[in-house]
Amino acid sequence: MDNKFETKIYTLSDIVKEELMFIIPSYQRPYVWDDIEIKKLLEDLKYNFENNTNEYFVGNTYVIKSTKDARPNLYEVIDGQQRFTTLFLLLFYCALKETRADGKNRKEEFLTLIRFEEKIRMCFDFRVRDLTKRFMLELIEKVDSIEQIQNIDKQTWFLKDYKNDVSIKSIRNA
């Protein structure tokens, strides 16, 4: 048995180039960040952006190589999943909000970046609960604008059960 423990700093660019994939395993707690944690992270990001920080340390995220899946670059997030999920949602929001020269948002680029496979998986898989995973996949697939996010519970795909899931409540409030 290999008990080797190593640390490595990855940039977002490294994660994309190496086609790393991450899952939030079923034993993790639900996503529960609220306005306080999210605001603190956003203020920290803003401060570092405004001060032209070349490198930004977003915090430790601990992962282990997944042994439950044949994908070679799949890792289970052991610690840091709240921050990881928030950053993922922030990237999705930015992709919807930012407009290209042709007037379209950047959702297609986001889908390519996260290697989205319709209704199956993406490079960030939420396995805490099946309902949460389904919501995340539908959110990424079906939401095309900020307006749809603001009226998410009125979307035809939005299930009543989504209103009672603690992770989905927090994701909607993020």
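What follows is a short chat about reading pockets, a surface patch and backbone angles in a predicted model.

Student: What should I know before I start?

Tutor: It's a predicted model, where local features need pLDDT of at least 70, side-chain atom pairs count only at pLDDT 80 or more, and totals for chains, interfaces and linings use all residues. Residues are numbered from 1 along each chain as its sequence is written, and side-chain values use heavy atoms, with hydrogens and water left out.

Student: How much space lies in the largest pocket?

Tutor: A pocket, on a 1 Å grid over the protein atoms alone, is an open set of points where a 1.4 Å probe fits, with protein on both sides within 12 Å along at least five of seven lines; lining residues have an atom within 4 Å of a point. Points are joined across faces, edges and corners, and the volume is the space filled by probe spheres set on them. Here that gives about 2100 Å³.

Student: Which residues lie nearest its centre?

Tutor: Tyr 10, Ile 15, Val 58, Thr 61 and Phe 84, out of 47 lining residues. H3 (81–97) is among the elements that supply at least two residues each, and H3 gives the largest share, 7 residues. Helices (H or I, at least four residues) and strands (E, at least two) are DSSP runs, numbered from the N terminus.

Student: What about the second largest pocket?

Tutor: That one holds about 350 Å³. Leu 89, Tyr 93, Ile 149, Ile 171 and Ala 174 are the closest to its centre, among 15 lining residues. H3 again has the largest share, with 5 residues.

Student: Which residues form the nonpolar patch on the surface?

Tutor: Patch members have over 30% relative accessible area and no salt bridge, and nonpolar side chains (Val, Leu, Ile, Met, Phe, Trp, Tyr) are joined within 5 Å. A salt bridge is a side-chain nitrogen of Lys or Arg within 4 Å of a carboxyl oxygen of Asp or Glu. Areas come from Shrake-Rupley with a 1.4 Å probe, and only the protein chains shown count as cover for residues. In this model, Phe 5, Tyr 27, Tyr 62, Ile 64 and Ile 78 share about 520 Å² of accessible area.

Student: Why does Tyr 27 count as partly exposed?

Tutor: Because its relative accessibility is 48%; buried means under 20%, exposed over 50%, and partly exposed in between.

Student: And how do I read phi?

Tutor: Most residues other than glycine have a negative phi. Asn 52, though not a glycine, has a positive phi of about 50°. Asn 52 sits in the loop between H2 and E2.

Definitions and conventions: Patches are made of residues with over 30% relative accessible area and no salt bridge: like charges are joined within 9 Å, nonpolar side chains (Val, Leu, Ile, Met, Phe, Trp, Tyr) within 5 Å. Buried means under 20% relative accessible area, exposed over 50%, partly exposed in between (1.4 Å probe, protein chains only).
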